[in-house]
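Please read them with the structure open.

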Amino acid sequence: MTPYVKLDHIDKVFSRGKVTSEVLKDINLTLGKGEYVSIIGHSGCGKSTMLNIIAGLTRATTGGVLLEGREVNSPGPDRAVVFQNHSLLPWLTVYQNVRLGVDKVFAKTKSRAERDEWTLHNLNLVQMTHAKDKRPSEISGGMKQRVGIARALAMEPKVLLLDEPFGALDALTRAHLQDSVMALHQKLGNTIVMITHDVDEAVLLSDRIVMMTNGPSATIGEVLDVPLARPRKRIELASDPVYLKCRKRVLEFLYERHKFVEAA
Ligand SMILES: Nc1ncnc2c1ncn2[C@@H]1O[C@H](COP(=O)(O)OP(=O)(O)OP(=O)(O)O)[C@@H](O)[C@H]1O
């Protein structure tokens, strides 16, 4: 595999006054172009911290992130993030929320007409063209996440970072959106890093699952390959022996080998 993204010996220590806490310890991971990698681990182990370091929103204490061989340590349009709770601007319409990002990234390289077309194209990818003139308060949670995904995709990022993108949705909406993200990944070939708490979601969507040990000083405990052909269909997978084996492996890691002990 040719390295596309490399997390190289990352440690993260948070300090406040004299109090320090080591959250991540010696994180090493290489992603290939077009790979879909999920990060799973118990609450508080440092998944979001890791994603924020890739996004450039948080600096690693030591080590760093390389994208196509170049160090990235500040935010940039080459790494777009979709958060669990949409971060749409409430006073702008769906179209304007996506267009804002498009204007920011392509002001110099695309004409007005091209930016308009590109905005609509990305809304169409997530099936949200029909609601383009609505404001975030007028659409459902699942629709807001779709718009967040369109906004991220419209920046043509090299890496799409998803921080529990389906976490706040009901089960049916979640399943629809998972299917949409799988179809988009198949169509566009994005490199994706996704945080999840959901074992089935991780197995269904990922090429590899990165399992984190518990914090403090959390690290990568195991990386599991998910050798399931694409496109994947959730109903067929429900009884697929490879799917069930992967699922069991993740469950054993989380609930036997790295059982979560709630802090007193
Ligand atoms: N800015 C910060 N300053 C100090 N400590 C922080 C900061 N951000 C995160 N932490 C601590 O780092 C640890 C990891 O947090 P993080 O949000 O990365 O975990 P997580 O695995 O994403 O959790 P969850 O699954 O609950 O979202 C936690 O103990 C958290 O309190």
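1. Two strands are taken to pair if DSSP finds at least two bridges between them. The model is a predicted one. By that rule, four strands make up an open sheet with antiparallel pairing, in the order β2-β1-β4-β5. At its edges lie β2 (19-32) and β5 (70-71), each of which pairs on one side only.

2. Inside this sheet, β1 (residues 3-16) and β4 (residues 62-67) run antiparallel and are joined by five bridges. Asp8 is found opposite Gly64 in β4.

3. Which helix or strand gives the most to the shell around the ligand? Helix α1 (residues 47-55) does, with three residues. The residues around the ligand are Phe14, Val23, Gly41, Ser43, Gly44, Cys45, Gly46, Lys47, Ser48, Thr49 and Gly215. By class, seven residues of the shell are polar, three are nonpolar and one is charged.

4. For the chain as a whole, the secondary structure amounts to eight helices and 10 strands. Of contacts between residues at least 6 apart in sequence, 70% join residues at least 24 apart.

5. The C-alpha trace spans about 55 × 50 × 40 Å along its principal axes. Buried residues account for 36% of the 264 in the chain.

Note on methods: Residues numbered from 1 in each chain as written. Predicted model: local features only at pLDDT ≥ 70, side-chain atom pairs only at ≥ 80, totals over all residues. Near = placed C-beta within 6 Å. Helix = DSSP H or I, 4+ residues; strand = E, 2+ residues; numbered from the N terminus. Nonpolar A, V, L, I, M, F, W, Y, C, P; charged D, E, K, R; others polar. Buried ≥ 20, exposed ≤ 12 C-beta atoms within 10 Å, placed from the backbone. Contact = placed C-beta atoms within 7 Å.
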